Amino acid sequence: QVQLVESGGGLVQAGGSLTLSCTASGSIFSIDPVRWFRQAPGKQRDWVASIISNNYTRYAEYVRGRFTISRDNAKNTVYLRMSTLMPEDTALYYCNADIRRTRTDTELQYWGQGTQVTVSS
C-alpha cells in the first residue's frame, strides 16, 4: 500500500516561514514528479510547485521567490519551504506524486490527505 503523508502545517504570522514535508511509504520503485497543490476554502485546488528526479523545479507565479521545493530521495521525502508567508497563502496543502511500485508497474498518481497552513495578519 503506497501512501503520501504531509506534515509541517500550522499557524504562523504573516512574514513568517513554514516547511512542509511529504513522505512516501510502501513498496516504491520510482516517485517522479512530486507536486504541491493548495486549496483555500471555497476555491479550486491550485498547483504550487513541482520537482523531478534531476531536481528540476517549477513554481506557480504567486509563490516564486518565496517558496522552495526540494527532495531527499533516500527518505522518499519532498519538502516545501515557505517564506514571507501572506494571509492569502492560507490553504490546505496537498502533496501529489506519480509513483511506480515496480519496474514494470503502471505509474499511478497519488494524493496525500493534506496539511493545513494558516497565516494570520
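Colleague: Which strands each supply at least two residues of the lining of the largest cavity?
Modeller: Strand E4 (30–39), E7 and E8 each do that. Keep in mind that this is a predicted model.

Colleague: OK, and what volume does the largest cavity have?
Modeller: About 40 Å³. The structure holds one cavity of 30 Å³ or more.

Colleague: Which residues line the largest cavity?
Modeller: Cys 22, Ile 31, Val 34, Arg 71, Asp 72, Asn 73, Asn 76, Thr 77 and Val 78.

Colleague: And how does that lining split by class?
Modeller: Four residues are nonpolar, three are polar and two are charged.

Colleague: Give me one pair to click on. What is the bridge partner of Ile 69 in E8?
Modeller: Leu 80 is the partner of Ile 69.

Colleague: Now the sheet itself. In what order do the four strands come?
Modeller: The order is E1-E3-E8-E7, in an open sheet with antiparallel pairing.

Colleague: Which ones are the edge strands?
Modeller: Strand E1 (3–7) and strand E7 (67–72), since each of them pairs on one side only.

Colleague: What does the twist average from one strand to the next?
Modeller: The average is 15°.

Colleague: So how does E7 tie the two topics together?
Modeller: E7 is an edge strand of the sheet, and E7 also supplies at least two residues of the largest cavity's lining.

How values were computed: Residues numbered from 1 in each chain as written. Predicted model: local features only at pLDDT ≥ 70, side-chain atom pairs only at ≥ 80, totals over all residues. Heavy atoms only, no water. Pairing = 2+ DSSP bridges. Axes fitted to C-alpha atoms, helices over the stretch in contact; angles between N-to-C directions. 1 Å grid on protein atoms, 1.4 Å probe; cavity = no way out; pocket = protein on both sides within 12 Å on 5 of 7 lines; lining within 4 Å. Points joined across faces, edges and corners; volume = space filled by probe spheres on them. Nonpolar A, V, L, I, M, F, W, Y, C, P; charged D, E, K, R; others polar.
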